[in-house]
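Have a look at the sequence and structure below, then read on.

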Amino acid sequence: MKVTIVACTLLATASAHTIFTQLHINGVAQGHTKGIRVPTYDGPITDVTSNDMICNGGLNPYRTPLPTDIISVKAGDKLTVEWHHTLDSKPETDNADPIDPGHLGPVMVYLAKVDDALSTKVTGLKWFKIYEDGLDANGEWAVTRLYNNKGFVDFVLPSCIASGQYLLRAEIIALHAASNYPGAQLYMECAQINVTGGGNVSPATISFPGAYKASDAGIKFQLYWPKPTSYTIPGPRPFTCSAKLR
Ligand SMILES: *[C@@H]1O[C@H](CO)[C@@H](O)[C@H](O)[C@H]1NC(C)=O
Ligand SMILES: [Cu+2]
């Protein structure tokens, strides 16, 4: 019997991926998959040079029709990204919801300013990071905090960025197989938003693909032994408005 149980656990782990399924604004849920380009399959992207790591939807085809909603948000709003194991799973009935708890790693959020948030072209955009969470001083991972918080990740939309349309790219990197490349599992979806009441600061930007390299310390990473005491989150440090005032 024991053998059977172990085999089932491993099987569950192998397919226990995750999807960003809902955006919340100041604590108000905006609707399941509303304004989010969700894939039909929850599997990861492992090739950091692939265009699929921009907004997913390539290797894991988008659910169609693509959303026509653009979610209105105010600069400075508290946003929450909500993740789930599959498009419809719930923590009450699925131990691997919002994600398999062994899929340890960082959680990030990026923005790219766009002329039209409904455009399907996502190559060539200029991204900046607005949130990141990795390994804390107690050795606890961002994914563990996300798991304990039922898939919810809170952050603030910077108050000084320009008003207008953006893609909001939420990302999790699971490191359980990252000791070789490719191995790290990148999960991401893009939400379509329209920022109002913004300022006039233009953050420094990076490109996807391009910002992450196979050789990055945070992409090729030994998760288990010796137990890591530090972790370098891939990409730049997050943009903050206050940094501009220093
Ligand atoms: C974005 O917000 C501005 C300001 O309210 C509005 O004029 C514009 O129509 C909105 N655009 C979209 C695509 O929702
Ligand atoms: Cu997985």
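## Cross-links and the copper site

At 0% relative accessibility, Cys-55 counts as buried, where buried means under 20% relative accessible area, exposed over 50% and partly exposed in between, with a 1.4 Å probe and protein chains only. Its disulfide partner is Cys-190, also buried at a relative accessible area of 0%. This is a predicted model, in which local features need pLDDT of at least 70, side-chain atom pairs count only at pLDDT 80 or more, and totals for chains, interfaces and linings use all residues. Residues are numbered from 1 along each chain as its sequence is written, chains are lettered from A and ligands numbered from 1 in the order written, and side-chain values use heavy atoms, leaving out hydrogens and water.

The structure holds two disulfides (cysteine sulfur pairs within 2.5 Å):

| Pair | S to S | Angle about S-S |
|---|---|---|
| Cys-55 and Cys-190 | 2.0 Å | -85 degrees |
| Cys-160 and Cys-241 | 2.1 Å | -90 degrees |

Cys-160 and Cys-241 are both buried. Numbered in sequence order, the bonded cysteines pair 1-3, 2-4.

Which residues coordinate the copper ion (ligand 2)? They are His-17 (ND1), His-103 (NE2) and Tyr-187 (OH), at 1.9 to 2.5 Å. Donors here are N, O and S atoms within 2.8 Å of the metal (3.2 Å for Na, K and Ca); water is not among the atoms, so sites may look incomplete. Along the chain, the donors follow the spacing H-x85-H-x83-Y. His-17 is buried at 4% relative accessible area, and Tyr-187 is buried at 0%.
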